[in-house]
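Please open the structure in your viewer and keep the sequence beside it.

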Amino acid sequence: MFYWFMKRIIIGPVVNMLFRPWAKGLDNIPEKGPAILVSNHLSFSDSIFLPLAVPRPVAFLAKSEYFNGKGLKGKLTAAFFRMTNQLPMDRSGGAASASSLSAGADILAGGSLLGIYPEGTRSPDGRLYRGKTGVAKLVLTAGVPVIPVAMIGTDKVQPIGRRIPNIRRVGVIVGEPLDFSRYEGLAEDRFIQRSVTDEIMYELMRLSGQEYVDMYAATVKEKLAARKAKTPKRPVVRKKK
């Protein structure tokens with residue numbers, strides 16, 4: 001009920017008026033039954049624009065940091081994410097990540113739509129980065145339709161670090177479903193997981209027009225942060241009056 005209220009009464013009308021989002025290929029999303037929406041990830045606002053474009057409710061696997069914030073702001077953020085059908089995704093790997101993917105499998109078992117960002121984090125520079133194989137394992141285990149989705153221009157609306165969004169148009173392109181039934185029974189095969197993930201990323205690259213980088217976005221972010229930490233701050237020079 002809260003999801004519907006936010007989408008139809010509060011957020012939806014405001015977003016449509018200000019940003020005038022456009023969408024193509026929405027008929028590729030099944031009217032009923034489970035499916036996985038795999039999307040590129042350019043901005044925090046992707047999780048707002050994409051669900052608003054899709055006629056059916058979408059549950060997203062969002063990074064767990066959004067649910068673990070401290071203070072009043074952290075609690076409000078966590079509450080908002082939970083009430084808008086978003087689930088915490090632990091990206092540390094191992095049993096924690098497996099548990100998060102299990103929650104996604106439960107969503108699919110209930111016949112709903114599940115949204116996942118295969119890159120695992122937002123792109124630091126607008127390029128498309130290597131996908132993580134956890135999404136492939138879920139895809140192969142669930143055996144449901146996989147719908148590629150390209151977000152267009154959301155990085156210009158809300159770049160990393162910017163709280164107040166820029167007012168400009170954004171787009172959503174929904175591609176045709178990907179069929180991985182040929183890999184039935186091979187969900188634990190790491191080579192197959194990588195092949196499926198790469199096929200998904202290729203389709204996202206084709207739909208979005210982004211340059212592809214065969215590295216994990218998280219690794220690039222770590223390098224950028226380390227470089228920034230080593231760069232000495234320039235002294236402030238005050239002009240003499």
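**Before you start**

This is a predicted model, in which local features need pLDDT of at least 70 and side-chain atom pairs count only at pLDDT 80 or more, while totals for chains, interfaces and linings use all residues. Residues are numbered from 1 along each chain as its sequence is written, and side-chain values use heavy atoms, with hydrogens and water left out.

**Stop 1: the whole chain**

Begin with a cartoon view, where the secondary structure comes to eight helices and nine strands; these are DSSP runs numbered from the N terminus, of at least four residues for helices (H or I) and at least two for strands (E). Of the 241 residues, 42% count as buried, a word that stands for under 20% relative accessible area, with exposed meaning over 50% and partly exposed in between (1.4 Å probe, protein chains only). Among contacts (heavy atoms within 4.5 Å) between residues at least 6 apart in sequence, 78% join residues at least 24 apart.

**Stop 2: strand E8**

Select residues 171-174, which make up strand E8; here Gly 171 and Ile 173 point one way, Val 172 and Val 174 point the other way, and all are buried. Strand E1 (residues 22-24) pairs with E8 in the parallel sense over three bridges, and Lys 24 stands opposite Ile 173. Strand E7 (residues 146-152), by contrast, pairs with E8 in the antiparallel sense over four bridges, with Ile 152 opposite Gly 171.

**Stop 3: the nonpolar cores**

A nonpolar core is a set of buried Ala, Val, Leu, Ile, Met, Phe, Trp, Tyr and Cys residues joined through side-chain atoms within 4.5 Å. Select Ile 36, Phe 180, Val 196 and Ile 200, which touch the most other members of the largest core, a set of 25 residues. Among the elements that give two or more residues to this core are strand E2 (35-39), helix H4 (94-109) and helix H7 (190-208). A second, separate core of 21 residues includes Phe 49, Phe 60, Leu 113 and Tyr 117.

**Stop 4: the aromatic pairs**

The structure holds two aromatic pairs; rings of Phe, Tyr and Trp (its six-membered ring) pair if their centres lie within 6.5 Å, and planes under 30 degrees apart count as stacked, over 60 as edge-to-face and the rest as tilted. Show Phe 19 and Phe 49, an edge-to-face pair at 5.3 Å centre to centre with 85° between the planes. Phe 19 lies in helix H1 (residues 2-19) and Phe 49 in helix H2 (residues 46-53), so the pair ties together parts that are 30 residues apart in sequence. Phe 19 is buried at 7% relative accessibility, and Phe 49 is buried with a relative accessible area of 5%.

Next show Phe 60 and Tyr 117, whose ring centres are 5.3 Å apart and whose planes meet at 25°, so the pair is stacked. Phe 60 is in strand E3 and Tyr 117 in the loop between E5 and strand E6 (128-129), 57 residues apart, and both are buried.

**Stop 5: Gln 158**

Finally, select Gln 158 in the loop between helix H6 (154-157) and E8. Is Gln 158 buried or exposed? Gln 158 is buried, with a relative accessible area of 13%, and, not counting residues up to four places away in sequence, Gln 158 touches Ser 43, Phe 44, Ser 45 and Arg 163.

Key
Pairing = 2+ DSSP bridges.
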